[in-house]
Structure formats: structure tokens, C-alpha cells
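Visitor: Before we look at single residues, could you take me through this model step by step, giving the general idea of each feature and then the case at hand?

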Amino acid sequence: MHHNTQGGAAEQPSVFMSQNIEAYPMEFTGSGGEYFRVWIVNVLLGIVTLGFYTPWARRRTAMYFYGHSLVAHSPLEFTAQQRKMVLGFVLLALISIAYQIAAKTGQDLAVGLMLLAGAVLAPYLWASAMRFRLGATRWKGLRLQFSASWKEVYLASWPVFALALVWFGVFFGMQMLSPELAQALDGPAASGAPKVKPQFTAPMGALLGLGLLLSILCFIRLEYNYKSLLVLRARLGNEHGRWKPVYTDFVKVWLATVAVFIACVLVVWLAVTALAGGSIAMLLMSKGAGKGNIFWIIVIAIVGVIGFFFLLLLASAPARAYREARMFQLLWNNIGVSQIARFKCNLRAGRFVRLRLKNMVLTLLTLGFYRPFARVSEYRMKLESVTLHIKGGADQVAGVLVRQQEGGLGDALADAAGLDLIG
């Protein structure tokens, strides 16, 4: 086994150091019509089985998209065992049911312990999911692996614990700034004692705002840490991933996303205000203004308020699509596989946002039946915007990596013996 590894390493310079770089645009060969048949079966069986078909539905969906995704003219394969996906689903369902029972029956201690256990186990669950996902992915006979140690996973997860400390500090600070709040939290006032209503002050608002800001920065840092760890510890044969983005790149994407969201909210607010104001003005100017018109003015006002909040919810869609496109472009323009392969992405955020808005409208108009077509069109746009550049050509490099993988048979068997529950 050691001999095979050395042999693979001896062949690396002739292929991996080659200056002959070949470009392979990624392709998606599926269609909305084909995926609709997969999707409708999943939906119907999910309804009939009250959701218990979910792990089978996820596997069928993954197999469809993987099998129609061509990387260097070869499809990906999804080889996850159904048993593991079912076990993972059942385990999460039981944990969720136990939490709901504890919360509804007022078992505060049990709820607190579950939340604490969830925070401690969150990094473990994330790493298990990544190990499962990469381990179930094959390309040209090569198996991807996630090789991060548990120490690396928990070190990368420090924003989770920092977030808990932030809100512990906010809670403690709010009590210090408002004795009335502390009294209300300590328990009901003694019989006959006057009830004091907590006052919300400017320092309390500033503290709460600081907590929200630090929370957002923690979420961004956690996303950066996890994505970088996933790429750097992803392994193909003996080759590890390459990562170039820095934390400020993620912050810039988030700031731009916030700006897009604010612009969308302003546009929605102006549109609703103009529409409602124009309708009310027309009623007031109409002849015979009286109780009938007052009734319609009230109706328009109520519909306007409801419509505003609904449109406000929809206004987040362009911002979410913008962030998804920008983050996709940032990652795929700055990652690679060791020194043998790199990716380039030409996805345009504006085009993706327009596609998302069109899909959202068509999905609403068709009562959800356009959803599979929407998913395929968005997946196709993202996948086909990526081009893979490989030194020495795909077939030669794949051959060397297969021989490297054979040298690591012991690691593969050890990984297969583990029980990765989270799919």
C-alpha cells in the first residue's frame, strides 16, 4: 500500500507540473420536464407518508442533479447509502419531537439543556453533514473526502460560542440598565406591591443594536470559517483544496446585500404609497362622497397595509438572490484543487436576480407547480457559469488521482465503517 502511494507521487511532476492547461465548461443535461416527474412523485409520496418519504425524496433529487451535471464531460455520481439517510432523518425527527414536547409542557430545564447541547453539538453535526456529502460524491471513479479533524472543526466554530457570549452580555447589560426589567424577570411582584413597567431607554437600544451588529459579524465569520475549512480540507486523491478569499470579501458581499435590500424596501414602499394614495384620492374626488366611499377607503387602507407587509417579505427575494449569486461567484473564482486545477465563474448577479424574480412570479401564479422548472433553471445558470481549468488534461490527472486513492484504501475503509447520520 505504501509502495502505491510512492508510485503515485512519482508520477505527479510529469502531469501536475505540465503547462498544458485545458478548459472544461461545466454542463447540465437535465430539463424542467424531466425533473418535474421526479418532483411530483416526491411531493405525492411525502404527503401520503406524512413526510416520512423525505430521505428517499432527497436521495432521488440528489441523484438526478448529480447525474446530469457534467464536469469535464463526465457526470457526477451520488452514492450515499439510503440506510444512513433514513437513520439521520429519524434521529433529527426524534430530537425535534422531544424538544417540542419539553417546550409545550413547560419543562424549562430540559429545554435549556437541549439548547445547550444543540450549541455544543452544532459543529459536530455540520462536520458530519459535510463528511457525508463529500464522501457520497464521485467523479471519474474518484471519491471526495472531508479530512478536517474535530479539533479544526471546533476551532473554526468559535463564532457560535462568541454569539452565545454576546447575547449573555446583552441580557446582563439590559438588566443592569433597567432595574425594573430585572425585577420583572425575577418573578411576580409581592401581593399589594405596585407593578413597575420596564422603561426602554436609549442606552438599552444602543446595547441591543450592538448585540445585533456583533451577531451579524459572528454569522459572517462563521460562514467564512466553515466554507474555507470545507475547501481546504476537501481531498481528491491526495490533493487538497486551494482557498484564496479573505474575511473582508465576505463582509463586502453582505454590505452590498444590505444595500440591495434597503433599495428594494424603498421601491416597494413608494409603490404601495403611490397606489394606495391615488386610490383614496380618486374616491374622495368622486361624486357623492359619503359612507360608501368611507367604507372603501378603510378597505383600501387595510389591503394596503397587508399588501405592504407581503411585498416587504417579497422585497427580500432580490437581496437573497443577489447575495447567493455574489457569493457563488466569489467562491468559484477563488478556489481550486492543489496546483492541478482551478475554477472560473462568469455568473452575473443581475441576470440571476431577474431569473429568480421571474421564477418566483411564475411559481406563485401556478400555485407552486412551476417550482421544479425554477429550480432547474437556477441550477443550470449557476453550474454552466463555471469553467474548470486542469493542468495536463482531465483523463491524465484522473488516472494519477485514482492511483493515489488506491494507496489510501485503509483510510477509505475506516471512513466507510463510521456511521455518518446527517444527510
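Guide: Let us begin with the contacts of the chain: among the contacts in the protein with a separation of 6 or more, 76% are between residues 24 or more positions apart. Please keep in mind throughout that this is a predicted model.

Visitor: How many helices and strands does the protein have, and what percentage of its residues count as buried?

Guide: The protein has 15 helices and 11 strands, and of its 423 residues, 36% count as buried. As for the surface, the protein exposes about 24300 Å², and carbon and sulfur atoms supply 70% of that area.

Visitor: Let me try a single residue, then. Is Phe 52 buried or exposed?

Guide: The idea is to compare the relative accessibility of the residue with a cut-off, since a residue counts as exposed when the value is over 50%. Phe 52 has a relative accessibility of 56%, so Phe 52 counts as exposed. Its place is the loop between α2 (32-48) and α3 (54-67), and although Phe 52 and Phe 89 are 37 residues apart in sequence, their C-alpha atoms are 8.5 Å apart in space.

Visitor: Now to the charged residues. How many salt bridges does the structure hold, and how far apart are the closest N and O atoms of Glu 223 and Arg 323?

Guide: A salt bridge calls for a side-chain nitrogen of Lys or Arg within 4 Å of a carboxyl oxygen of Asp or Glu. The structure holds 6 salt bridges, including the one that Glu 223 forms with Arg 323, in which the closest N and O atoms are 2.3 Å apart. This pair links distant parts of the chain, for Glu 223 is in helix α9 (residues 202-232) and Arg 323 is in helix α11 (residues 291-332), 100 residues apart. Glu 223 is buried, with a relative accessible area of 15%, whereas Arg 323, at 21% relative accessibility, counts as partly exposed.

Visitor: Which residues does Arg 356 touch, not counting residues up to four places away in sequence, and why does Arg 356 count as buried or exposed?

Guide: Arg 356, which is found in helix α12 (residues 349-365), touches Ala 321, Glu 324 and Glu 378 when residues up to four places away in sequence are not counted. Because its relative accessibility is 15%, Arg 356 counts as buried.

Visitor: With which residues does Arg 356 form salt bridges?

Guide: One partner is Glu 324, with the closest N and O atoms 2.8 Å apart. Glu 324 lies in helix α11 and Arg 356 in helix α12, so this pair ties together parts that are 32 residues apart in sequence. Glu 324 itself counts as partly exposed, at 27% relative accessibility.

Guide: Another partner is Glu 378, where the closest N and O atoms are 2.9 Å apart. Since Arg 356 lies in helix α12 and Glu 378 in helix α13 (residues 371-383), the pair ties together parts that are 22 residues apart in sequence. Glu 378 is buried, with a relative accessible area of 9%. Through salt bridges that share partners, Glu 324, Arg 356, Glu 378 and Lys 382 are joined into one network.

Visitor: Turning to nonpolar side chains, which residues form a nonpolar patch on the surface?

Guide: Here one looks for nonpolar side chains that lie within 5 Å of one another and belong to residues with over 30% relative accessible area. In this model Leu 109, Leu 113, Leu 116, Val 120 and Phe 161 form such a patch on the surface, and together they have about 490 Å² of accessible area. Helix α5 (residues 108-135) gives the largest share of the patch, 4 residues, and Leu 113 has its place in that helix.

Visitor: Lastly, the strands: in what sense do β3 and β4 pair, and where does β4 find a pairing with β5?

Guide: Strand β3 (residues 69-71) and strand β4 (residues 74-78) pair in the antiparallel sense over 2 bridges, with Val 71 standing opposite Ser 74 in β4. The two strands form a hairpin with 2 residues between them, and Ala 72 in the turn has a positive phi of about 55°. β4 also pairs in the antiparallel sense with strand β5 (residues 137-139), over 3 bridges, and the bridge partner of Phe 78 in β5 is Thr 137.

Conventions:
Residues numbered from 1 in each chain as written. Predicted model: local features only at pLDDT ≥ 70, side-chain atom pairs only at ≥ 80, totals over all residues. Heavy atoms only, no water. Buried < 20%, exposed > 50% of the residue type's maximum accessible area, 1.4 Å probe, protein only. Contact = heavy atoms within 4.5 Å. Areas by Shrake-Rupley, 256 points an atom, 1.4 Å probe, with all protein chains shown as cover. Patch = residues over 30% accessible without salt bridge, like charges linked within 9 Å, V, L, I, M, F, W, Y side chains within 5 Å. Pairing = 2+ DSSP bridges.
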